[in-house]
Amino acid sequence: MTPEPATRGRNPFSTEGVERGEDGVARYAGQVPSLVRMLRASVERDPQATAVAEVGGDSLTYGDLWDRALRVTGGLSAQGLERGDRVAIRLGNGIDWVLAFWGAQLGGFVAVPVNTRFKDSEAAFVVEDSGSRFVFKPGEPLPDGDGGVVAEDLEPDDLAGIFYTSGTTGFPKGAMTSHANFIANSESAIRCVGVDRAEGGDVSTLINVPLFHVTGCDSQLIVLLDLGGTCHILTNPLDIDGLLETVAEHGVSMLTSVPAIYHALTRHPSFKEADMSSVRWVSYGGAPIAATSVHEIMEAFPAARVGNGFGLTETASLSTFLPHEEVAEHADSVGFPMPVVDLAIDAPDEESGVGELLVRGPNVVSGYWNKEEATAETFVDRWLHTGDLARIDDDGLLYIVDRKKDMINRGGENVYSIEVESALAGAPGVGEVAAVGVPDDMMGEKVGAVIVPASDDGVDIPAVIDYARERIADFKVPQYVVIRTEPLPRNPAGKVLKAELRDETDWGDALR
């Protein structure tokens with residue numbers, strides 16, 4: 001049975017030019033057909049404007065970016081690559097990554113960004129699975145040639161990139177991302193953040209998340225190049241000093257990062273003296289965040305519009321956005337659907353309204369490369385089955401409550417690990433936290449929490465439990481708490497490996 005889209009409720013984003021097709025999918029009218037046409041428009045608008053600048057390194061104007069990317073195209077073509085061939089990018093953040101990506105696009109090749117945290121065996125799997133005919137490798141010169149021919153006639157549904165997810169189990173799956181997926185996400189990002197395209201050339205961002213992820217590539221690099229703005233790129237995402245200096249020196253206007261980076265940034269010794277007055281937009285996402293942390297971000301950037309973005313690799317980055325006007329009151333929500341995105345809740349619980357989140361829109365990829373069975377299970381009648389448990393309130397705000405496989409069943413009561421983690425994240429002394437189910441003969445499972453202290457001062461467990469009791473129901477409060485001195489185990493995409501954590505933790509005695 002085809003799902004019915006949830007009622008939208010309040011609608012804070014512009015729907016101008018949104019048209020719904022016979023297939024039920026909403027789309028932005030009049031968009032360019034490809035990334036190539038998108039970049040060409042920005043180049044023609046102002047070829048001398050700075051497109052990308054590597055912090056502490058070189059910079060490229062839009063004209064430079066086009067010319068040098070085309071030489072990469074020529075170098076790939078000289079090696080016998082043809083339109084549609086895959087090229088793997090095993091580079092870290094920097095100008096070479098940008099040139100590799102756009103060299104692929106201009107030639108009609110398919111970019112395959114490879115997670116730099118992958119082990120060699122994992123990276124080899126991605127290269128082999130994608131059938132990549134060329135690999136951009138660190139320390140090796142980019143392909144260079146005069147014979148680059150621009151693929152002017154690319155269509156919206158042509159494949160432009162394959163982004164490999166890194167799940168907590170099994171091999172990575174390659175999300176097949178079309179030109180239309182990229183371009184729809186860019187338009188959504190511009191509308192939800194609230195940037196006026198007429199001012200696009202004056203907008204700049206600082207990319208301090210990996211470009212191999214959809215946040216860095218789809219929702220920063222491509223968005224800013226679509227606007228004609230400037231991307232400053234940190235080669236080391238954890239370089240907080242470099243971040244502060246770049247914002248102050250270049251008047252960076254837009255920041256997008258994960259909560260952990262904002263936590264480190266606002267607590268950096270130089271933050272209070274740093275000039276952050278140029279920052280007009282601040283976006284966060286990618287991990288649970290306590291309401292107290294959201295308010296800290298708002299206080300740290302009082303002149304900025306603060307928002308929370310949510311999406312997946314399979315949605316080419318953004319699906320929803322919580323705008324500035326809603327952040328303070330609804331800090332636990334991930335916001336409203338984009339103008340062209342439909343949401344639905346599959347098999348919602350009668351009392352809580354919680355069920356599996358489904359997403360439909362022109363940003364949703366067509367499936368997984370070489371994975372017909374997984375594609376058929378995940379993409380049904382144009383709806384993406386996300387595996388996230390969620391609810392939607394009467395205003396249309398989306399709340400993510402857990403991953404299906406991470407939900408804890410405590411004696412028949414569903415306890416969502418994200419809710420527990422959010423309640424503990426702001427407790428005194430807590431750095432990292434993960435909530436998992438601990439097997440129990442009577443209850444089936446009880447709630448367990450593993451905490452990594454924020455400092456060497458340690459954690460006062462009774463104080464943490466009291467903090468949680470003030471925020472969540474008693475049956476959700478952890479009955480097991482273990483302090484861990486090592487970082488939580490994560491996969492290369494940064495997701496906590498909860499099965500591994502559950503199995504390797506010595507839980508000891510229950511607190512009650």
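Begin by selecting Trp97, Phe101, Trp102, Phe163 and Phe182, which form one aromatic cluster. Here, rings of Phe, Tyr and Trp (its six-membered ring) pair if their centres lie within 6.5 Å; planes under 30 degrees apart count as stacked, over 60 as edge-to-face and the rest as tilted. The model is predicted: local features need pLDDT of at least 70 and side-chain atom pairs count only at pLDDT 80 or more, whereas totals for chains, interfaces and linings use all residues. Residues are numbered from 1 along each chain as its sequence is written, and side-chain values use heavy atoms, with hydrogens and water left out.

A search of the whole structure finds eight aromatic pairs. Helices (H or I, at least four residues) and strands (E, at least two) are DSSP runs, numbered from the N terminus. Are these two residues, tryptophan 97 and phenylalanine 101, buried or exposed? Both tryptophan 97 and phenylalanine 101 are buried (under 20% relative accessible area, with exposed over 50% and partly exposed in between, for a 1.4 Å probe and protein chains only).

Now select tyrosine 480 and tryptophan 507. Their ring centres are 6.3 Å apart and the planes meet at 70°, so the pair is edge-to-face. It links distant parts of the chain, 27 residues apart: tyrosine 480 belongs to strand β26 (residues 480-483), and tryptophan 507 to the segment after α14 (498-504). Tyrosine 480 counts as buried, at 11% relative accessibility, and tryptophan 507 is buried with a relative accessible area of 11%.

Finally, select the whole protein and show its secondary structure: there are 14 helices and 26 strands. Along the principal axes, the C-alpha atoms fill a box of roughly 70 × 60 × 45 Å. Of the 512 residues, 55% are buried. Among contacts (heavy atoms within 4.5 Å) between residues at least 6 apart in sequence, 69% join residues at least 24 apart.

Switch to a surface view to end the tour. The protein exposes about 21,800 Å², of which carbon and sulfur atoms supply 46%; accessible areas come from the Shrake-Rupley method with a 1.4 Å probe, and for residues only the protein chains shown count as cover.
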